[in-house]
Amino acid sequence: MAEDKQLSGIRKVVIAGTGSYLPEQILTNHDLAKIVDTTDEWIQTRTGIRERRRAADGEVTSELAAHASRRALEAAGVTPEEVQLIVVATITPDMMFPSTSCIVQDRIGATNAFCFDLEAACSGFQYALDVAQRYIATGDVEIALVIGAEKLSTFLDWNDRATCVLFGDGAGAAVLRPADDGQRGFIGSVMGSDGSLAGLLGIPGGGTALPPSIESLQRGDHFLKMEGREVFKQAVRCMSDAAGRVLEKCGLTIADVKWIIPHQANMRIMTAIAERLDVPIERFYLNVHRYGNMSAASVPVALDEAARDGSLESGDLVLFVVFGGGFTWGATVLEW
Ligand SMILES: CC(C)(COP(=O)(O)OP(=O)(O)OC[C@H]1O[C@@H](n2cnc3c(N)ncnc32)[C@H](O)[C@@H]1OP(=O)(O)O)[C@@H](O)C(=O)NCCC(=O)NCCS
């Protein structure tokens with residue numbers, strides 16, 4: 001197999017442990033039908049989602065992240081003090097700054113880490129993995145903690161049926177370390193972005209473009225906005241292309257891959273990608289029906305569930321494929 005050019009000659013990196021955390025409160029489609037003009041049937045047929053989690057008032061993103069991180073550290077057999085780098089992927093930080101990663105560092109006692117947030121919307125966890133594994137591959141870091149955490153419920157317009165039914169809260173985390181002899185770990189990745197489509201998906205208010213004001217609050221600029229149809233088309237195209245390109249780059253075919261862990265936005269997006277890749281949907285590890293779209297948390301939560309329920313076995317090839325606001329997209333292949 002061809003090696004990833006960017007990684008040849010430097011250290012291989014593995015995921016040593018994963019963890020996730022889902023808030024207790026379950027919001028079903030029937031619950032939503034009491035809030036907005038929708039039905040369980042509409043949501044299920046258009047998206048595959050049956051329910052999602054909602055964090056409690058005051059339960060902030062860094063708290064979700066810290067719960068997931070403790071579980072990942074325990075699974076990896078790593079103490080918080082051993083962590084040298086924390087990257088948090090999120091579009092729903094506790095605050096504009098300081099970074100959520102610094103707050104997580106304090107919550108879990110990772111006193112020896114340097115920390116930063118990374119914003120690539122729903123692609124964030126894959127981007128963060130890519131960055132963190134390169135720090136380890138080059139020998140600058142031994143142990144990294146990569147987290148995808150979101151409290152999207154804060155930024156949803158609960159009067160907008162076209163968006164509020166799609167998203168949920170949650171967090172997932174992975175501990176990265178150098179591979180032992182013979183372990184392959186991360187094999188390769190591709191990423192892409194197209195800022196010309198930024199206006200199709202995002203939270204426009206609260207920054208320098210539309211600073212907080214009484215008028216901006218009244219307009220709801222601080223809520224997530226999306227052009228669903230156009231996002232759908234781009235997501236299918238970009239994720240299918242990214243999956244194909246990373247396999248080609250690594251000298252693999254889709255038949256070599258045991259599990260595809262996609263960003264879990266919508267069941268119909270995943271079915272369309274499966275058709276384009278000519279692979280049965282059963283090879284996709286799916287949990288969108290239980291959690292909805294958790295943005296940067298979707299992939300790490302699915303990864304953790306796949307690891308814990310025995311779906312993933314040592315030596316399996318796994319393909320992450322993601323898409324999100326920006327637009328951003330990417331795909332990574334690794335050996336579990
Ligand atoms: C959001 C999405 C499910 C909407 O499905 P769609 O088939 O494109 O539906 P449309 O937006 O064209 O809306 C069709 C109708 O359903 C209505 N509708 C929208 N949300 C609804 C809801 N929750 N319940 C009932 N009806 C709804 C619309 O108002 C529209 O009604 P109209 O024809 O009377 O105007 C779909 O576009 C989608 O999944 N997009 C991608 C979203 C995504 O994954 N984003 C994140 C990527 S990281």
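Visitor: Which residues in α4 are buried?

Guide: The model is a predicted one. In α4, the buried residues are Thr100, Ser101, Ile103, Val104, Gln105 and Ile108.

Visitor: What makes a residue buried?

Guide: A residue is called buried because 20 or more other C-beta atoms lie within 10 Å of its own. Thr100 and Ile108 are among the residues of α4 that are buried.

Visitor: What do the buried residues of α4 pack against?

Guide: They pack against helix α3 (61-76) and the strands β4, β5 and β6. Helix α4, residues 100-108, lies across these strands, at about 125° to β4. Just after α4 comes Gly109, with a positive phi of about 75°.

Visitor: How do you know that β4 and β5 pair?

Guide: Two strands pair if there are at least two bridges between them. Five bridges join β4 (residues 85-89) to β5, and the two run parallel. In one of the bridges, Val87 has Phe116 of β5 as its partner.

Visitor: Why is one side of β1 and of β5 left without a neighbour in the sheet?

Guide: The open sheet has five strands, in the order β1-β7-β6-β4-β5, with mixed pairing. β1 (13-21) and β5 (114-118) stand at its edges with a single partner strand each, so one side of each has no neighbour in the sheet. From one strand to the next, the twist averages 20°.

Visitor: Which strands does helix α11 touch?

Guide: Helix α11, residues 298-308, packs on the sheet and touches β1, β6 and β7. The direction of α11 makes about 100° with that of β1.

Note on methods:
Residues numbered from 1 in each chain as written. Predicted model: local features only at pLDDT ≥ 70, side-chain atom pairs only at ≥ 80, totals over all residues. Helix = DSSP H or I, 4+ residues; strand = E, 2+ residues; numbered from the N terminus. Axes fitted to C-alpha atoms, helices over the stretch in contact; angles between N-to-C directions. Contact = placed C-beta atoms within 7 Å. Buried ≥ 20, exposed ≤ 12 C-beta atoms within 10 Å, placed from the backbone.
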